[in-house]
Amino acid sequence: MADAPRSAQRGVPRTLALELARVTERAAIAAARLRGKGDEKAADQAAVDAMRDELNTLPIQGTVVIGEGERDQAPMLFIGEKLGRGDGPEVDIAVDPLEGTTLCAKDMPGAIAVMAMAERGSLLAAPDVYMQKIAVGPGYRPGIVDLDASPTENIAALARAKGVDPQQITALILDRPRHAALVAEVRAAGAAVRLISDGDIAGIIFTASPEETGIDLYLGTGAAPEGVLAAAAMRCIGGQMQGRLILDTPDRRRRASEMGIADLDRKYDLTDLASGDVIVAATGVTDGALLRGVRFKTDRIQTETLVYRSEAGTVRRILGEHRRGLS
């Protein structure tokens with residue numbers, strides 16, 4: 001997505017929602033065959049290959065805007081790669097064939113295969129850098145939290161809006177050394193912290209249903225591509241999100257400029273990150289709070305997939321059974 005405004009685009013055909021589920025199912029099954037094997041690269045590559053193969057069967061003219069690399073570094077799904085049969089709508093594609101490569105390699109909870117598809121020009125074409133992120137679920141006035149406010153201020157504002165004490169707010173943060181000061185401030189403000197080792201796409205999605213997940217707020221820095229994918233999901237399920245690219249070296253600023261980003265310090269809101277008609281699909285690879293992992297049975301394979309669509313505001317949970325010979 002360029003920084004300049006765009007003209008209206010036509011929507012993504014709703015029939016593609018089920019097709020996207022098939023894409024993430026296939027990627028998840030491929031990765032799940034390598035669960036617990038200790039080889040992150042092999043699991044990621046298996047998911048990439050399966051996702052590419054399935055995407056190339058779809059009646060779309062797709063361009064990867066969020067992928068596994070910024071140039072043609074085959075065999076990964078790279079930014080700018082063309083996908084699909086070339087006989088359908090022009091669409092943006094954002095992919096994370098295996099979010100949580102370490103989780104899969106160690107057979108730990110929360111690995112998923114996820115992708116988004118949107119009208120052409122609707123997704124921010126973000127370089128593979130870090131992004132500062134903040135997210136809350138639906139039901140609050142616009143701007144209830146803000147990247148430019150301190151964690152203490154955001155927690156206080158959210159607590160007031162919920163009519164609770166800050167002690168009843170829980171923030172989810174990636175467990176990284178860079179977040180040590182952030183974690184300390186959140187706790188000093190009275191809120192609880194839930195730390196996760198990986199998987200901030202799911203972590204941001206958790207804010208949309210705090211009564212079920214116990215998560216009120218997402219804070220911290222993570223990868224920018226995952227930020228765009230998370231924003232695409234939030235467009236479908238409701239909530240607020242802001243992001244700012246961390247372009248702290250000349251090379252990163254150059255790469256961002258080459259991708260059409262004019263304001264390098266811009267604070268992006270939800271519709272800046274993902275606008276237009278958006279479809280998101282995510283399939284569990286390992287068991288987690290969001291999705292159940294792939295189950296290999298004697299004669300079939302079971303999957304669980306979530307499919308979100310912004311235009312209809314729908315969330316569909318699909319339990320799939322696949323004959324082994326077809327997967």
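Residues count as buried under 20% relative accessible area, as exposed over 50%, and as partly exposed in between. Keep that in mind for these close-ups of a predicted model.

**Figure 1. Arg187, a partly exposed residue in a helix.** Arg187 has 49% relative accessibility, so it counts as partly exposed. Its place is in helix H5, which covers residues 180–188. Leaving aside neighbours within four places in sequence, Arg187 is in contact with Val193 and Leu195. Now look for Lys162, which is 25 residues from Arg187 along the chain: the C-alpha atoms of these two are separated by 18 Å.

**Figure 2. Where domain 1 meets domain 2.** According to the domain assignment, domain 1 is made of residues 15–123 plus 278–323, and domain 2 of residues 130–273. Their C-alpha centres lie 23 Å apart. At the meeting place, 25 residues of domain 1 are in contact with 20 residues of domain 2. The size of an interface is often given as the accessible area lost when the parts come together. Here the two domains bury about 1800 Å² between them, with 73% of that on carbon and sulfur atoms. What about salt bridges between domain 1 and domain 2? The count is zero. Polar contacts do turn up, in two residue pairs. Which parts of domain 1 each supply at least two residues of the side that touches domain 2? They are strands S3 (90–99), S4 (112–119), S11 (278–284) and S13 (300–309), along with helix H3 (101–105). S3 gives the largest share, four residues. Sorted by class, this side of domain 1 has 16 nonpolar, five polar and four charged residues.

**Figure 3. Thr63 and its contacts.** Thr63 sits in strand S1, residues 61–66. Is Thr63 buried or exposed? At 9% relative accessibility, Thr63 counts as buried. The side chain of Thr63 makes a polar contact with the side chain of Lys82, at 2.9 Å. Beyond the neighbours within four places in sequence, the residues in contact with Thr63 include Gly80, Val91, Ile93 and Arg120.

**Figure 4. Two aspartates in loops.** Start with Asp107, in the loop between H3 and S4. Most residues other than glycine have a negative phi. Asp107 isn't a glycine, yet it has a positive phi of about 55 degrees. Its relative accessibility is 46%, so Asp107 counts as partly exposed. Next comes Asp277, found in the loop between helix H10 (270–273) and S11. With a relative accessible area of 4%, Asp277 is buried. A polar atom of the Asp277 side chain lies 3.0 Å from the backbone nitrogen of Val12.

**Figure 5. A few of the salt bridges.** Side chains of opposite charge can pair when their charged atoms come close. A search of the whole structure finds 23 salt bridges. In one of them, the side chains of Lys133 and Asp200 meet at 2.6 Å, N to O. Lys133 is in strand S5 (residues 130–136) and Asp200 in helix H6 (residues 200–206), so this pair ties together parts that are 67 residues apart in sequence. Both Lys133 and Asp200 are buried. Another salt bridge joins the side chains of Arg295 and Asp287, at 2.7 Å, N to O. Arg295 is partly exposed at 26% relative accessible area, and Asp287 is partly exposed at 38%. Finally, salt bridges that share partners join Asp146, Asp148, Arg244 and Lys267 into one network.

Note on methods
Residues are numbered from 1 along each chain as its sequence is written. This is a predicted model: local features need pLDDT of at least 70, side-chain atom pairs count only at pLDDT 80 or more; totals for chains, interfaces and linings use all residues. Side-chain values use heavy atoms; hydrogens and water are left out. Domain bounds come from an automatic or database domain assignment. Contact means heavy atoms within 4.5 Å. Buried area is the accessible area (1.4 Å probe) that two parts lose on being put together, summed over both. A salt bridge is a side-chain nitrogen of Lys or Arg within 4 Å of a carboxyl oxygen of Asp or Glu. A polar contact is a pair of N or O atoms within 3.5 Å; within protein, one must be able to donate a hydrogen and the other to accept it, and residues adjacent in sequence count only if both atoms are side-chain atoms. Ala, Val, Leu, Ile, Met, Phe, Trp, Tyr, Cys and Pro count as nonpolar, Asp, Glu, Lys and Arg as charged, and the others, Gly among them, as polar. Buried means under 20% relative accessible area, exposed over 50%, partly exposed in between (1.4 Å probe, protein chains only).
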